[in-house]
Amino acid sequence: MATQHVTLMITSTFYDMFGEYYYFLKEVFPYLKEYCAKHDIILYYRDVAFSLLNDYTDKSIILDDFRSIDFDRTFFICFRGHKLGWKPDYKNVNGLTIDEYPELVKFVGNVSITELSIMHALIPFDKFEDNEFQDLKPVKHSMFYFRDSAFLDELSETQKMFYTNMGDDDNKKVHDMEIAKAKDLVHEVKRQHDKQGKSDIKIRYYEGSWNKALDGHEIFLKYAEEYSRITGMNLDCFIKTHEKNMCYDYNGCLDNFEYEGEPLKEIIIRDIIDGLKAEFPENFKD
């Protein structure tokens with residue numbers, strides 16, 4: 001039985017998801033890493049958003065995100081809330097990005113970077129590399145966890161600006177509609193893939209409780225510290241860059257995530273183990 005190497009690729013909007021990210025890194029990943037080791041699988045964790053350690057003025061951000069996804073197209077895990085996220089335009093994209101992913105010219109300026117990552121996982125953009133186009137396949141096991149909105153009633157107006165589209169300069173209804181359309185796309189691609197047997201796509205709608213005893217800024221720092229520990233990356237510059245853009249009302253953070261009355265971590269663990277068993281059946285014969 002050969003030793004396998006697999007990376008859990010995770011993405012979402014940025015400032016509104018550190019509750020989920022920290023939850024995943026503390027409650028899900030350690031269990032899965034130990035479980036995989038027993039089956040001769042070495043498991044890694046990679047945050048697409050942390051693939052770029054500079055700020056949004058860096059014109060290679062889409063390129064780095066896409067290359068992160070292409071690094072291992074086995075697992076793609078996406079948490080999606082009620083925030084559209086950053087929508088890069090052409091001034092945020094360098095020529096190398098378009099050279100490598102020429103199809104992007106149709107979408108830059110019209111789609112958020114989170115949606116671009118989702119599209120590249122499910123319906124890969126053409127990739128031009130080594131003087132030829134690469135035949136990229138959809139990520140084999142994609143998992144989407146869509147957050148319920150009930151917790152929003154507990155938020156201050158400042159916090160709502162970071163967890164919804166309230167603080168955007170453009171029309172909130174337009175951005176909310178874009179999120180709804182993006183979710184519809186995931187459902188439609190799942191229906192198509194299920195019919196064709198192309199890949200494994202799971203969609204879950206989960207709930208989170210607002211815990212006023214937590215500090216959102218502290219959760220961000222804990223996540224960065226843990227991510228740095230398991231990857232060996234120095235995140236000091238990254239933290240300084242993004243701290244200034246975070247919500248300044250840190251009174252609370254999302255916690256106690258559940259799916260249909262069951263801890264969300266149990267569902268995620270089962271979803272990923274199902275994917276691992278499908279991907280590496282030889283490692284689970286015992």
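Student: In α4, which residues are buried?
Tutor: The model is a predicted one, and a residue counts as buried when its relative accessible area is under 20%. Helix α4 is mostly covered, ten of its ten residues being buried. Those buried in α4 are Ile 113, Thr 114, Glu 115, Leu 116, Ser 117, Ile 118, Met 119, His 120, Ala 121 and Leu 122.

Student: Against which elements do the buried residues of α4 pack?
Tutor: Packing here rests on contact, that is, heavy atoms within 4.5 Å. By that criterion, the partners of the buried residues of α4 are β1 (4-12), α2, β3, β6 (141-147), α6 and β7 (200-215).

Student: With which residue does the side chain of Glu 115 meet in a salt bridge?
Tutor: Glu 115 is buried, with a relative accessible area of 8%, and the N to O distance in its salt bridge is 2.1 Å. Glu 115 lies in helix α4 (residues 113-122) and its partner in strand β3 (residues 75-80), so the pair ties together parts that are 35 residues apart in sequence.

Student: Which residues are linked with Lys 127 in a network of salt bridges?
Tutor: Lys 127 is buried, and Asp 70 is buried too. Both belong to a network of salt bridges. The residues linked there with Lys 127 are Arg 67, Asp 70, Arg 73 and Glu 100.

Student: Is Asp 194 buried or partly exposed?
Tutor: Asp 194 forms a salt bridge with Lys 190, with the closest N and O atoms 3.2 Å apart. The two are four residues apart in helix α6 (residues 172-196), so about one helical turn separates them. Lys 190 has a relative accessibility of 23%. At 44% relative accessibility, Asp 194 counts as partly exposed.

Student: How many salt bridges are found in the whole structure?
Tutor: A search of the whole structure gives a total of 21.

Student: How many residues in the contact of α1 with α9 are nonpolar?
Tutor: Helix α1 (residues 18-38) and helix α9 (residues 264-279) pack at about 35°, with their axes 10 Å apart, and their crossing is right-handed. Among the residues that meet are Tyr 23, Phe 24 and Glu 27 in α1 and Leu 264, Lys 265 and Ile 268 in α9. The contact holds no polar residues and three charged ones, while the number of nonpolar residues is 13.

Student: What is the relative accessibility of Glu 20?
Tutor: Glu 20 lies in helix α1. Leaving aside neighbours within four places in sequence, Glu 20 is in contact with Phe 79, Arg 147, Tyr 206, Leu 254 and Phe 257. Glu 20 counts as buried, its relative accessibility being 1%.

Student: In which loop does Asp 130 lie?
Tutor: Asp 130 is not a glycine, although its phi is positive, at about 55°. At 66% relative accessibility, Asp 130 counts as exposed. Asp 130 lies in the loop between β4 and β5 (132-134).

Technical notes:
Residues numbered from 1 in each chain as written. Predicted model: local features only at pLDDT ≥ 70, side-chain atom pairs only at ≥ 80, totals over all residues. Heavy atoms only, no water. Salt bridge = Lys/Arg side-chain N within 4 Å of Asp/Glu carboxyl O. Buried < 20%, exposed > 50% of the residue type's maximum accessible area, 1.4 Å probe, protein only. Axes fitted to C-alpha atoms, helices over the stretch in contact; angles between N-to-C directions. Left-handed = near helix turned anticlockwise from the far one by under 90°. Nonpolar A, V, L, I, M, F, W, Y, C, P; charged D, E, K, R; others polar.
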